Structures are given as structure tokens and as C-alpha cells.
Amino acid sequence: MKRRDFLINGAGTLAGALALGRSLRLLAQAQPADYTIRIAALHLEIAPGKIVKTTAFNGKVPGELIRVPEGKQVTIDVVNDNDVPDIVHWHGLHIPSVQDGATEEGSPESAPHGGTQRYSWVARPAGFRWYHSHTTAGHNVNRATYTGEFGFLMIDPASNPARYDQEIFLALHDWEGHVQGSAEGYQEVVYSYATINDRMLGFGEPIRVRDGQRVLFHVLNASATLMHNLALPGHRFLVTALDGNPVPSPALAETIRLGPAERVDAVVEMNQPGIWVLGETDPKMRRSGMGIVVEYANRTGAPQWQNPAQFDFQYENFGAVSQAVPGDSEEVTIPLVIKPKFEGYGDFDHWTINGFSWPHVEPVQLKEGRRYRLVFDNQSTDIHPVHLHRHTFELKMLNRKPTAGILKDVVLLETGAKTEVVFTANNPGKTLFHCHQQDHMDSGFMMLFDYS
Ligand SMILES: [Cu+2]
């Protein structure tokens, strides 16, 4: 080959390579996503003839189960066929701010009438996560987490698979909320109906089990505002994970208790053959529909309910014994005082953190690599399920009792109590913190941490 030919061929190869690179990039953009989530109006039949008008993902409630192995790169297109902007948050993942699905962190929304946003992230950490609308509702109880816009997101660990015979996903939800004045003069949201997954108690397919089976339940409280307690008469829950993260001391509980956005993984030994109601412990809530029938093979009859003898679900039951060290000197303490501000009759209360209400609040600057201890002082008469985005925290103090090893992304702040959690600033960027009760979040109970 002559030198001149070589040069021509070389240039040709370079041009070819550039063209190939361009085509590959275009091809990547044109690649279908791993998942497409389509937000659209849905008439959901929660019992025969009982229709709730809502919005949902891909025409069902809960939306499609997203199940991926830990460490996998996942692309998801969120298509908005609704007539208002919307955004989907990937709850409990350690992902970048712009992919997290919160406008406050800089993630883009999906525009109405067909707008599409592509999200791409690496699935981690392993465990039971979920995804849901992360928009504002205000007094519009047909938006955000009041709707059917939620789904399960399961990230399977690379090792240590759980041992079970059946795996069941359950989402608790309250429907047809309306804003009502309370006796004290402020406003609250009350609901007409409740479901587990998409059906009211008695109107869905039962959970079919066999004597001797071990059933792993993944339970999510997808209610916009309400706490829920569950029991399965004659059985106990072996709680193995909270918010998807394995607990140091799995322990039996007669009831499980979840604030909005909390998850519990529990194994139940099916050793009481019969037909049972797995349901809300509050009879009003069960009448509203919050329950599901558990049916043993070869058993018939009406589903049975019995009140639990005790409410024995407390975070610290599943924790490791702590050394009772109040905090190492490396930790930076951030006190957060929670108080309501009465806004007058006919409005929701406004909520303040250290005296400030979103959006009139400066971000708290963090330093990468440091450990922070959030010391919550809940000076209100409500229990608040507070959520930290993009990070996992460890519970340290629960009403003056030390604990260790429980990793969560939502923690219930009991009324009048102090709660302490610790996290490492290991995922730089804007990080939203808020109460997961939608009416509180919409009324100022929100702030940002930031570090680069
Ligand atoms: Cu709250």
C-alpha cells in the first residue's frame, strides 16, 4: 500500500468512526426504554359497580411492578397523557438529583398532553422501593399521592435471596378524599373508601395459601395522609426489613404499623388453616375496604376477623442493642424543630421547620463525606412520616431510647417526642427532606439539603 492510499483510507476510517459514533448516539436515543410509565385518567372499579375516578400509571393500580437486579442501569420513559404537569419520584434510591423525580431538586417534569421525560439510573440499594407522583396537590385531592399514581419497585440483591414459598406485594391506599373542617377549626382530608391494591375488602381475589407455606409480604402504605395498622388473625408477622432494608433483629409482631410511604417486609408462617381477613385493625377502616382475604386451600366459609391482643410494632424491637453513645464527635448535629402555624379557619395548618415554611427557606449546606445527626423535636399533636430523598439514615434515638442498625428513608416522628437519625453525606446534590403526608408537604413542611 502506498503512503497516499494509507492516508486516504485512514481519513476514511476516521470519518467512518465519527459517523458510526453519531449513529450509535442517535440509536441510543431512539432505543426503547426498559419501562414506559404512562400517566392517564382511570375509572377504577374498586368493588362491583363502585368506580373511583382517578389517575394512574399504565391503566392499573398499583402500576406495573418494576423489578430489576441491583446495579443494573435502568431507563424509564414517563409519558404524561394527563392535562396537568406531573413528575414521578423513585423512592428510596441513591441516584442523582436530576434523576430523582423531584422538581425541588432540579428533576424535570413531564409536560401535559403527551410530554415525555426519560429517567436513567443505576438500581441501588437493593430492597423494596416504590415510585409515585411527586407533584403538589394543595386542596385538589385528585392530584399527587391522593391518586392511583404509585407502583412497586423491587431491586433484587445480588446475594442473600430471601427464603419463601410465595411473595405477595400489597399497597394500602385511601380513596375519594375530601377536605373537611375539624372540630378544632382547621382542615383535614377524610376519605370515602380504602383498598389493598385495587380492591375493597371482600371484592378482590383472595391470597391463596397452603398449610405450612412461608409467605413473604411486601407491604407499602401508599396513602396520601393516613397511618395504617394491619393484622392477620391467628398469625404473626416475622418482620425482616423496614423500608426495604434488612433489620438487625428480625422479630415477630402481631400487628404492623405504617405511616405514609413506609414499607414492611414480613414473612408469615401459614399454620392456622381457615379463611381470614388480613386487614386494618380499625373496624371503620375495614368497612371502608382496607383488607384482603387470606384463603387456605380446601377451606371454605366466611372470612374471619379477630382483634389483635396487642399492638406490638415498634421500630426498636427490630434494632441492634446500642452502646448508648449519644453521638460520636465526628457527627454534625442538625436540630429540626417541627411546629404548626394555625392559618385560620378554612385552611390547612402551615408547617414550620425551625420557624421556616417552604418555599421561604434557605438550603442547609452539607459537606461530602461528613456524618450528620438530625435531631427532630416534634412540637405538634400530629405524627409525621418524614422522608429524606436519595439517602438512607440509621435510627439512633427513639424517645430517649437508643437503638442501632435500623436503616430507613422514612421515620415516624411521634408527637411531643425527640427522634434522632444519622446519615452520611455520600450522594452529592440537592436533597429534599419533607413530611410525606401530602397536606403537610403542601403546607410548608419541606426543606433542602445541598452539597457538591
Ligand atoms: Cu406531617
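This dialogue goes through a predicted model of one protein chain, feature by feature.

Reader: What is the average pLDDT of the protein chain, and which residues stay under 50?

Author: pLDDT is the predictor's confidence in each residue, from 0 to 100. In this predicted model the protein chain averages 92, and 89% of the residues score at least 70. Residues 1–8 stay under 50, and for this stretch the model has one contact beyond four places in sequence. Where pLDDT is low, the predicted coordinates should not be read in detail.

Reader: How many helices and strands are there in the protein chain?

Author: The protein chain has 31 strands and four helices. Its length is 452 residues, of which 42% count as buried. Consider also the contacts between residues at least 6 apart in sequence: 74% of them join residues at least 24 apart.

Reader: What is the order of strands in the open sheet of six strands, and which strands stand at the edges?

Author: A strand order lists the strands as they lie side by side in the sheet. Here the order is 10-9-12-17-14-15, and the pairing is mixed. Strand 10 (187–196) and strand 15 (245–253) stand at the edges; each has a single partner strand, so one side of each is left without a neighbour in the sheet. From one strand to the next, the twist averages 25°.

Reader: In which sense do strand 12 and strand 17 pair?

Author: Strand 12 (residues 214–221) pairs with strand 17 (residues 263–269) in the antiparallel sense, over seven bridges. Within this pair, His 218 stands opposite Asp 265 of strand 17.

Reader: Which strands are the edge strands of the open sheet of five strands?

Author: The order of that sheet is 11-19-18-13-16, with mixed pairing. Its edge strands are strand 11 (207–209) and strand 16 (255–258), each of which pairs on one side only. The twist averages 20° from one strand to the next. Strand 11 and strand 19 (residues 291–296) pair in the parallel sense over three bridges. Opposite Val 209 stands Tyr 296 in strand 19.

Reader: Which residues have the most contacts inside the largest nonpolar core?

Author: A nonpolar core is built from buried residues, and a residue is buried if 20 or more other C-beta atoms lie within 10 Å of its own. The largest nonpolar core here has 101 residues, and those with the most contacts inside it are Val 239, Ile 256, Ala 266 and Val 268. Strand 1 (residues 35–47) gives the largest share of this core, six residues. A second, separate core has six residues, among them Ala 137, Ala 144, Tyr 146 and Val 189.

Reader: With which residues is Val 239 in contact, leaving aside its neighbours within four places in sequence?

Author: The contacts of Val 239 are Val 247, Pro 250, Ala 251, Ala 253, Ile 256, Val 264, Ala 266 and Phe 318.

Reader: Is strand 30 mostly covered or exposed?

Author: Strand 30 (residues 431–435) is mostly covered, with five of its five residues buried. Thr 431, Phe 433 and Cys 435 point one way from the strand, Leu 432 and His 434 point the other way, and all are buried.

Reader: How many bridges join strand 30 to strand 24, and how many join strand 30 to strand 31?

Author: Three bridges join strand 30 to strand 24 (residues 384–388), and these two strands run antiparallel. His 387 has His 434 of strand 30 as its bridge partner. Four bridges join strand 30 to strand 31 (residues 446–450), again an antiparallel pair. There, Leu 432 has Leu 448 of strand 31 as its bridge partner.

Conventions
Residues are numbered from 1 along each chain as its sequence is written. This is a predicted model: local features need pLDDT of at least 70, side-chain atom pairs count only at pLDDT 80 or more; totals for chains, interfaces and linings use all residues. A residue is buried if 20 or more other C-beta atoms lie within 10 Å of its own, exposed if 12 or fewer, and partly exposed in between; C-beta atoms are placed from the backbone. Two strands pair if DSSP finds at least two bridges between them. Two residues are in contact if their C-beta atoms, placed from the backbone, lie within 7 Å. Axes are lines fitted to C-alpha atoms, for helices over the stretch in contact, and angles run from 0 to 180 degrees between N-to-C directions. A nonpolar core is a set of buried Ala, Val, Leu, Ile, Met, Phe, Trp, Tyr and Cys residues joined through C-beta atoms within 7 Å.
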